[in-house]
Amino acid sequence: MRSAPQRRWRAVEWPTLALLAGCYALWAIGTTWAAALWLPLGMALTVLATALHSSLSHEALHGHPFRSARLNAALVFPALSVVVPYLRFRDTHLAHHRDAILTDPYDDPESNYLDPAVWVRLPRWGQRLMTVNNTLAGRLIVGPLLGQAAFMREDWRRMRRGDARVALGWALHLPAVAVVLVWMTQVAAMPLWAWGLSVYAALGVLKIRTFLEHQAHERARGRTVIIEDRGPLALLFLNNNLHVVHHMHAAVPWYRLPGLYRANRARYLSRNEGYRYASYAEVFRRHFLKAKDPVPHPLWPSP
């Protein structure tokens, strides 16, 4: 029989810890040695590391690699993506995991749909911009800017109403950003403009994952996608392309999701009403220049 220390040692999710160490090493190399050698190479590595750090932050808020929420938060403390406070990411994402409210324009913090009554009040240029944002190309180019603006506008409203939890999230974010800024100004060989572009590009890459994770559907079970991809993007997103598996088993670490899916493929595809893509290549072919669905929620009451 194993002792308590042995059980705790075996309970640590070593693949996640190893990947986190590799992520920080890749970011450090990208912003220093690689940037000095050839700036485009350094930027490419920084984009990958920043996007991967966001995926690892997602793992941390779901209780990986340790059972301690504080320890997990400490592991992803440096705000490599700069713009999203970890505590806000944690709170909004866990709220999003209530499947009954998925795609709701008001209750789902990660919904890309608008209330049709809000949609009709937008100026024509705003409607066109949001329509462009509903193509994958648009999501890559303007999606990070539009998403950040909406996120910060809502947080500002909450803080003005006296929401202390939101204020705390942003207060804790300041030292996390300061750590990154000290590195970029005192250690890194990468110009700040190149780093800024790299961060924006990383946020764009992450929009590939979130682009069609959820669809409007009358039944909650039919709202979450499966993308049967095993390539570089699946690794970068830590298998969140198998998104219905993640929603059903949020406590399962990223490296076990493919095995779960392979063992129960028919069950998951039945569960999500067949909302499936074969690969990210198929997603690009079908939606790079063509919107996957309308901006106003198609099942929401019309004004």
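Mentor: What follows takes up helix packing, salt bridges, the surface and some backbone details.

Mentor: Before that, please keep in mind that this is a predicted model, in which local features need pLDDT of at least 70 and side-chain atom pairs count only at pLDDT 80 or more, while totals for chains, interfaces and linings use all residues. Residues are numbered from 1 along each chain as its sequence is written, and side-chain values use heavy atoms, with hydrogens and water left out.

Trainee: OK, helices then. At what angle do α4 and α6 pack?

Mentor: Helix α4 (residues 39-61) and helix α6 (residues 86-96) pack at about 65°, and their axes are 10 Å apart. Helices here are DSSP runs of H or I with at least four residues, strands are runs of E with at least two, and both are numbered from the N terminus. The axes are lines fitted to C-alpha atoms, for helices over the stretch in contact, and angles run from 0 to 180 degrees between N-to-C directions.

Trainee: And which residues make that contact?

Mentor: From α4 the contact uses S54, S57, H58, A60 and L61, and from α6 it uses Y86, F89, R90, H93 and L94, where contact means heavy atoms within 4.5 Å.

Trainee: Which residues of α6 are buried?

Mentor: They are Y86, L87, R88, F89, T92, H93 and H96, with buried meaning under 20% relative accessible area, exposed over 50%, and partly exposed in between (1.4 Å probe, protein chains only). These buried residues of α6 pack against α4, α5 (69-75), α10 (143-160), α11 (164-186) and α14 (243-248).

Trainee: What does L172 touch?

Mentor: L172, which has its place in helix α11, touches F77 and L87 when residues up to four places away in sequence are not counted. L172 is partly exposed, at a relative accessible area of 47%, and its C-alpha lies 7.5 Å from that of P85, although 87 residues separate L172 and P85 in sequence.

Trainee: Switching to charges, how many salt bridges are there?

Mentor: The count comes to 11 salt bridges, a salt bridge being a side-chain nitrogen of Lys or Arg within 4 Å of a carboxyl oxygen of Asp or Glu. One of them joins E273 to R219, with the closest N and O atoms 3.1 Å apart. Because E273 is in the loop between α16 (265-271) and β2 (276-277) and R219 is in the loop between α12 (192-210) and β1 (226-227), the pair ties together parts that are 54 residues apart in sequence.

Trainee: Which residue does E228 pair with?

Mentor: E228 forms a salt bridge with R276, and the closest N and O atoms are 2.7 Å apart. E228 lies in the loop between β1 and α13 (232-236) and R276 in strand β2, so this pair ties together parts that are 48 residues apart in sequence.

Trainee: Is E218 buried or exposed?

Mentor: E218 is exposed, with a relative accessible area of 69%, and its place is in the loop between α12 and β1. E218 touches R223 and L299, again not counting residues up to four places away in sequence.

Trainee: Last topic, the backbone. Which peptide bond is cis?

Mentor: The bond from H64 to P65 is cis, with omega near 5°, and P65 is found in the loop between α4 and α5. Most residues other than glycine have a negative phi, and most peptide bonds are trans. N239 is a residue other than glycine with a positive phi, near 65°; N239 is found in the loop between α13 and α14 and counts as buried at 7% relative accessibility. E273 also has a positive phi, of about 60°, although it is not a glycine.
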